[in-house]
Amino acid sequence: MKKPSDTLIAIAKIGDLVTQTLDTSEILSQVVAITANIMKVDVCSIYLYERDENALVLEATIGLKHDAVGHVHISFGEGITGRAAKQGRIVAVKDVTQDKRHKYIPMTGEEEYRSILSVPLRFQDEVIGVINVQTKEPRTFEKHERHLLKTIAHQVSGSLRNARLYERVLSAKRELEQTQERLVQSEKMAALGRLATTLSHELRNPLAGLKGASQLLLKKTDELDERKQYVNLILDEVERLGRIVEDLFHFARPRVLRYEMVDANKIINDVLLLNTHDQVLMNITVRKRLSKLPMIMADSDKFKQVVVNIILNAMDAMSEGGELIVSSGVIRNEPEGKDIATFQFRDTGYGIPEDVMGHIFEPFYTTKPRGVGLGLSVCKAIIEEHCGRISISTNNTTGDSTGIVVTIEIPINNPQKVLTK
Ligand SMILES: Nc1ncnc2c1ncn2[C@@H]1O[C@H](COP(=O)(O)OP(=O)(O)O)[C@@H](O)[C@H]1O
Ligand SMILES: [Mg+2]
């Protein structure tokens with residue numbers, strides 16, 4: 001390479017590159033290719049400085065082994081490359097075998113290269129990396145060659161800065177978008193909350209009236225009167241509306257809980273008993289594996305609401321029949337020495353596809369034509385208010401049908417709640 005105009009070609013090519021892409025690794029790999037070609041060398045590599053490790057990491061190369069990219073770490077000041085970085089100046093060596101400073105790195109396969117020209121990449125006063133060229137034949141790098149590599153180094157430093165600035169702008173933009181999204185979301189939730197409060201308040205009283213009146217009507221209707229089935233229908237639907245209103249009410253005012261000592265197994269038994277009629281009709285087998293539990297500190301109405309919501313979901317999912325296994329037990333949380341009550345509801349229903357799983361706890365998320373989508377979000381809020389956890393996974397114990405397992409954990413003694421009661 002004799003013609004000084006090569007400098008111009010190189011600068012023009014690298015300049016073009018920078019206007020075309022802002023992807024750092026793309027820029028670096030193109031720069032090493034262009035440089036090796038123009039300088040007619042066997043190797044061109046770029047190392048970037050990692051502040052945390054105080055080392056130079058190989059980021060792009062042509063000529064050295066490709067597997068080495070990302071894996072070669074040269075301590076600041078070590079070998080010829082490290083020295084160029086540490087001293088912030090060009091180091092040229094005609095024959096590394098004659099140079100004590102040279103440190104050979106086996107992973108790169110560089111033993112066949114004799115001469116090296118090492119130029120620091122700078123960013124204002126700071127060294128941010130090194131660009132190296134190497135040749136097999138011992139070679140004295142001439143002044144204009146050193147000048148060329150220095151100019152390339154300058155260009156690379158500039159484009160790295162642009163790319164980094166751009167990355168920063170992008171991430172700031174992403175952050176802004178997320179904040180905005182959260183803001184809109186929380187505004188929406190607040191509006192929904194207000195709506196839910198009004199609705200649940202307005203609906204509770206008339207529903208209670210409807211329920212009372214239809215129960216009276218049921219009593220006054222003769223056993224054989226065919227109108228009795230209509231009254232039962234009214235009662236069923238009133239029950240359903242009542243549950244929706246309770247969920248709405250909890251969604252709107254989650255923090256009004258009354259804690260007492262509660263027999264959780266009894267609540268589960270009561271709820272299951274209430275639904276027995278439907279279970280038989282729907283061909284659902286219920287198996288109970290309830291272990292003896294101590295009384296737990298909980299809001300019994302809210303806990304019941306959780307159990308009802310989970311069991312109704314299981315029944316919805318097993319409209320063609322199936323099996324529901326309800327179990328309870330106590331586990332000891334060792335690090336804290338706390339006893340935790342656990343409850344599992346395992347069904348063999350239609351299960352939850354992966355893309356749905358991430359949404360099921362969101363308020364108003366439903367996959368059912370007649371669903372409201374508040375059940376699980378309310379369960380989660382109630383369980384968390386009890387300092388507990390709720391999780392859902394696919395039921396792996398079943399053969400062909402999938403189904404899900406809902407697991408609930410509630411600390412048995414919740415000192416915080418005792419105090420605030
Ligand atoms: N046992 C279950 N089996 C299958 N899918 C379920 C089960 N429980 C909940 N899901 C899914 O989670 C969604 C949200 O449930 P939920 O919050 O109770 O609202 P809703 O029952 O009104 O749809 C349901 O629409 C359903 O897709
Ligand atoms: Mg539900």
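Visitor: In the hairpin of E1 and E2, which residue in the turn has a positive phi?
Guide: This is a predicted model. Strands E1 (residues 43-50) and E2 (residues 55-62) run antiparallel and are joined by 7 bridges. Between the two strands of the hairpin lie 4 residues. The turn residue with a positive phi, of about 50°, is Asn 54.

Visitor: What is the phi of Lys 40?
Guide: Most residues other than glycine have a negative phi. Lys 40, in the loop between helix H2 (24-39) and E1, has a positive value although it is not glycine. Lys 40 is exposed, with 12 other C-beta atoms within 10 Å. Its phi is near 50°.

Visitor: Which residue in E3 stands opposite Leu 56?
Guide: E2 also pairs with strand E3 (residues 73-75), and these two run antiparallel. They are joined by 3 bridges. Opposite Leu 56 stands Ile 74.

Visitor: How many Å does helix H4 reach from its first C-alpha to its last?
Guide: Helix H4 covers residues 143-220, which is 78 residues. At 1.5 Å a residue, a span of 116 Å is expected. The value in the model is close to this, at 111 Å.

Visitor: Where does H4 bend by about 30°?
Guide: A proline, Pro 206, follows the bend within four residues. The buried residues of H4 include Ala 196 and Ser 200. The bend itself is at Arg 204.

Visitor: Which helix gives the most residues to the shell around ligand 1?
Guide: The shell has 23 residues, and among those that come nearest are Asn 313, Ala 317 and Gly 375. Two elements give two or more residues to the shell, helix H8 (300-317) and helix H10 (375-385). By class, the shell holds 11 nonpolar, 10 polar and 2 charged residues. The helix that gives the most, with 4 residues, is H8.

Visitor: Where in the chain is confidence lowest?
Guide: The chain averages a pLDDT of 88, and 95% of the residues score at least 70. Confidence is highest in strand E13 (residues 404-411), at 96. The lowest value, a mean of 48, belongs to helix H11 (residues 415-420).

Definitions and conventions: Residues are numbered from 1 along each chain as its sequence is written. Chains are lettered from A and ligands numbered from 1 in the order in which they are written. This is a predicted model: local features need pLDDT of at least 70, side-chain atom pairs count only at pLDDT 80 or more; totals for chains, interfaces and linings use all residues. The expected span of a helix is 1.5 Å times one less than its number of residues. The bend at a residue is the angle between axes fitted to the seven residues ending there and the seven starting there. A residue is buried if 20 or more other C-beta atoms lie within 10 Å of its own, exposed if 12 or fewer, and partly exposed in between; C-beta atoms are placed from the backbone. A residue is near a molecule or strand if its C-beta atom, placed from the backbone, lies within 6 Å of it. Ala, Val, Leu, Ile, Met, Phe, Trp, Tyr, Cys and Pro count as nonpolar, Asp, Glu, Lys and Arg as charged, and the others, Gly among them, as polar. Two strands pair if DSSP finds at least two bridges between them. pLDDT is the predictor's confidence in each residue, from 0 to 100.
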